[in-house]
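Here are some notes for a first look at this structure. Please read them with the model open beside you.

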Number of protein chains: 2
Amino acid sequence: MSSQVTRAEYGAAALDLNITKDLCAFLAVLSFEDLPEAAVHAGRRGVLDWLGCALAGSRHPTITKLLSVLEEVGGPARATVLGRQTKLGLLDAPIANGQMGHVLDFDDTHLGGVVLHASSPILSALFALSERNAVTGRDLLTAYAAGFEAGVRAGQGAPAHHAGGWHLTGTLGSIAAGAAAGQLLGLNSQQMVHALGIAATQAAGMQQNRGTMCKSFHAGKAASSGVLAALLAQKGFDSSDEILEGKRGFCRIYSSIAKTELILDQLGERWEITRNGHKPYACGVVLHPTIDAMIALAARAPAADQVATIELRVNPLAVSITGVADPKTGLKSKFSLTHTAAVAFLDRAAGIAQYTDERARHPDVAALRDRVGVQTDESLGKDQAWAAVAMRNGDRYEHQVVHASGTVDNPMSDAAIEAKFLANAMPVIGQERASRIRDVVWHLDQFGDIRGLLDLCA
Amino acid sequence: MSSQVTRAEYGAAALDLNITKDLCAFLAVLSFEDLPEAAVHAGRRGVLDWLGCALAGSRHPTITKLLSVLEEVGGPARATVLGRQTKLGLLDAPIANGQMGHVLDFDDTHLGGVVLHASSPILSALFALSERNAVTGRDLLTAYAAGFEAGVRAGQGAPAHHAGGWHLTGTLGSIAAGAAAGQLLGLNSQQMVHALGIAATQAAGMQQNRGTMCKSFHAGKAASSGVLAALLAQKGFDSSDEILEGKRGFCRIYSSIAKTELILDQLGERWEITRNGHKPYACGVVLHPTIDAMIALAARAPAADQVATIELRVNPLAVSITGVADPKTGLKSKFSLTHTAAVAFLDRAAGIAQYTDERARHPDVAALRDRVGVQTDESLGKDQAWAAVAMRNGDRYEHQVVHASGTVDNPMSDAAIEAKFLANAMPVIGQERASRIRDVVWHLDQFGDIRGLLDLCA
């Protein structure tokens with residue numbers, strides 16, 4: 001059994017040359033003037049919403065554990081840790097900020113073919129670099145949009161990536177953060193190719209760790225890996241030129257299906273940041289249509305102690321992602337469809353308070369979630385759900401959700417995002433500073449130096 | 001299309017419960033007294049060989065680029081950077097040392113079902129932690145062996161991992177470094193489970209980056225991720241308890257085939273560190289049988305300018321890993337079968353000097369490699385090769401290699417490892433210090449404080 005070998009070279013697959021190079025050429029020359037107003041405004045909404053999520057998350061016990069290590073081993077304290085009155089090194093603050101941005105599962109979610117919480121990795125990387133050299137609001141918004149393009153499009157080129165068990169906020173987040181950081185540093189086209197190559201080759205995060213402290217750690221590590229990638233690329237550190245499309249590159253080894261031709265589709269015409277979703281609820285996004293339904297039903301049905309059963313019909317992804325039946329911790333309860341249905345019905349809310357350790361273990365919640373039955377229904381979209389509550393006296397209430405709150409087809413209004421930000425930020429930094437941040441961010445493209453914004457968030 | 005959902009919980013696959021827990025219970029209580037002398041001696045050989053590779057690698061231009069970033073952003077300078085007269089932070093020195101250990105592709109290789117350069121990630125992690133608290137030679141050797149068990153066994157549970165395009169020194173290296181670091185820190189069994197979970201969820205490195213600076217960066221990042229994982233686990237940071245065997249865990253998402261039952265096979269009986277290989281040549285291990293053959297043929301055949309053709313028959317992996325036909329850089333030439341055959345025939349050697357940018361571009365080498373023809377032969381093992389040189393006058397010389405030098409079945413002698421160490425280390429740190437290191441490491445289990453060893457390597 002022997003066969004003659006023709007000359008082989010590592011690198012590009014035969015049919016899809018130059019995809020990484022073309023994407024990076026686009027990203028490297030991107031300027032604020034290229035962005036349509038819709039992308040700029042999506043950026044303002046994204047920054048405001050994410051800052052609130054990170055500030056609210058800054059008080060989570062997970063962050064205290066993380067900081068106890070990073071404060072010992074981290075680099076020179078030059079980058080603000082949000083809400084914590086401390087600074088860390090340029091590679092360490094992104095870990096902390098990325099983790100606090102994602103720990104409540106309250107941060108924005110891109111559903112355009114991928115399930116990516118892009119802002120936690122991207123903004124954590126960009127804010128750290130914004131304290132190294134002066135960065136304007138326009139610079140930040142441009143790099144932020146660039147990060148979305150890189151991360152989301154890499155995911156579109158790897159369509160079986162999520163089904164393969166990866167946590168995309170770790171994997172695509174690393175690529176997104178690397179591209180955003182490279183854009184902010186003003187890397188040239190070849191350096192940007194290397195930044196993407198170095199960032200992607202650090203991409204990691206397993207869904208196995210959902211419901212643990214590692215899930216939000218993925219976001220922080222992605223941010224840090226992206227910063228390191230861009231700094232190294234700037235110094236001439238190299239990588240493959242075909243990290244996305246290569247034979248052993250991202251789309252082929254992180255996904256059983258590669259559609260690399262999608263990566264450049266409508267580049268410069270469709271702006272992925274405009275398809276970002278913002279969460280009204282502090283849990284996995286596939287739970288949101290169910291929450292809408294349960295809150296609507298709670299307003300109509302009598303008290304919970306008269307409920308016989310709750311029936312849900314959901315998209316199959318809601319079960320595969322949020323199938324935890326009996327969560328013992330707040331973090332695990334964010335991935336429990338039954339907990340969510342029960343607590344949303346009881347509390348008529350699904351905010352931070354509904355996903356604490358205490359609430360996950362509360363007997364009333366546990367009793368009601370035992371009465372929840374779930375059916376998957378492939379005809380329902382990821383933003384759709386149907387729910388029914390049957391009472392002991394035979395009464396029955398039903399509700400159908402066509403597009404969950406906070407999704408692209410039913411977006412949170414600017415006012416709702418502002419209210420969410422204030423509710424998240426005020427308990428941590430007070431009303432005055434929260435109000436000033438709000439004012440800055442709604443006019444971020446007029447703002448001269450991001451350090452002024454970070455000082456308000458410290 | 002709807003279906004009733006039974007209660008689902010994240011985590012273990014039904015049939016393979018507790019594999020990670022059982023492995024970690026073993027690792028957490030491992031003590032020096034548990035190690036057979038063969039494992040201890042493999043540890044001594046591994047430390048000596050690796051220190052030489054890292055010292056030789058410390059002068060590589062890639063390291064200078066890396067250090068220029070790490071020196072700016074790294075943590076408090078408490079951990080020695082080998083051969084560089086500088087220190088870096090506890091998370092940063094492992095990146096530098098891991099990269100320099102692997103950059104020449106001269107470091108040890110485990111071929112027991114996986115292709116893992118285990119020492120670069122493991123020892124880089126352990127040396128950094130050895131400057132935080134006093135660590136004895138026995139502590140180090142025990143943790144070193146623990147790292148091999150975790151990394152190699154995780155790979156055995158994921159047998160399609162390498163074929164999937166992953167660079168195992170990045171992925172398995174992260175797991176190995178996390179386990180070794182956790183063992184050195186004295187983590188208890190549950191903390192060790194978390195250290196493995198946190199380390200594995202950072203596991204990354206794509207084969208796409210072979211021949212670039214990223215390849216050895218994978219080793220460094222793996223080391224750093226392992227240190228961070230162990231430090232976090234010590235503080236109560238958690239993870240999945242089933243990171244290896246879980247439904248969305250390592251063996252299933254990093255490999256299209258999972259054989260989780262192999263992870264615990266003969267645990268405590270078979271010591272993976274005893275199956276480690278040491279390289280006589282500074283390039284990918286699958287090239288080594290070809291090098292043995294070419295050096296043997298060069299001793300018999302007349303001068304290279306009379307060569308008509310060189311014919312090679314190799315295991316298919318040698319082509320899939322080292323198929324670069326026309327390398328332009330020294331790093332790429334380490335993955336070129338044709339460069340290797342040509343340069344080994346011309347120089348009767350395959351050391352550091354044969355894989356420089358200059359040698360890769362030399363016209364004599366380029367001319368001869370154009371005359372190399374390659375056939376794959378599935379009947380040949382990874383450590384086997386056949387080569388023939390046909391001269392212009394019709395003469396013909398053939399050579400068959402049954403087990404390449406430096407593999408388990410044809411190991412480098414202790415004397416050869418010592419000579420390799422001295423050749424690598426002396427140009428960097430001088431003869432006196434190199435000799436002292438040699439004396440220390442051959443009696444490492446008698447040595448009281450690893451900091452004394454690191455001072456010699458600075």
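1. Burial first. A residue is called buried when its relative accessible area is under 20%, exposed when that area is over 50%, and partly exposed in between, using a 1.4 Å probe and protein chains only. By this rule A:Trp442 is buried, with a relative accessible area of 16%.

2. Ground rules. This is a predicted model, in which local features need pLDDT of at least 70 and side-chain atom pairs count only at pLDDT 80 or more, while totals for chains, interfaces and linings use all residues. Residues are numbered from 1 along each chain as its sequence is written, chains are lettered from A and ligands numbered from 1 in the order in which they are written, and side-chain values use heavy atoms, leaving out hydrogens and water.

3. Around A:Trp442. This residue lies in helix α18 (residues 431-442) of chain A. Helices are DSSP runs (H or I, at least four residues), as are strands (E, at least two), numbered from the N terminus. A:Arg44 is 398 residues away along the chain, yet its C-alpha atom is separated from that of A:Trp442 by 5.8 Å. Contact means heavy atoms within 4.5 Å. Beyond its neighbours within four places in sequence, A:Trp442 contacts A:His41, A:Arg44, A:Arg45, A:Leu48, A:Asp414 and A:Glu418.

4. Helix α4 of chain A. How many of its residues are buried? The count is 10 of the 10 in residues 93-102, so the helix is largely enclosed by the rest of the structure. Among them are A:Pro94, A:Asn97, A:Gln99 and A:His102.

5. The core. A nonpolar core is a set of buried Ala, Val, Leu, Ile, Met, Phe, Trp, Tyr and Cys residues joined through side-chain atoms within 4.5 Å. The largest one has 326 residues, and A:Leu51 and B:Leu51 touch the most other members. Not counting residues up to four places away in sequence, A:Leu51 touches A:Leu82, A:Phe127, A:Phe421, A:Ile437, A:Val441, A:Leu453 and A:Cys457.

6. The interface. In all, 84 residues of chain B contact 84 residues of chain A. The two chains bury about 7,100 Å² between them, 57% of it on carbon and sulfur atoms. Buried area is the accessible area (1.4 Å probe) that two parts lose on being put together, summed over both.

7. Salt bridges. There are two between chain B and chain A. In one of these, the side chains of A:Arg132 and B:Glu72 meet at 2.6 Å, N to O. The rule asks for a side-chain nitrogen of Lys or Arg within 4 Å of a carboxyl oxygen of Asp or Glu. On the side of chain B that touches chain A, α9(B) gives the most, with nine residues.
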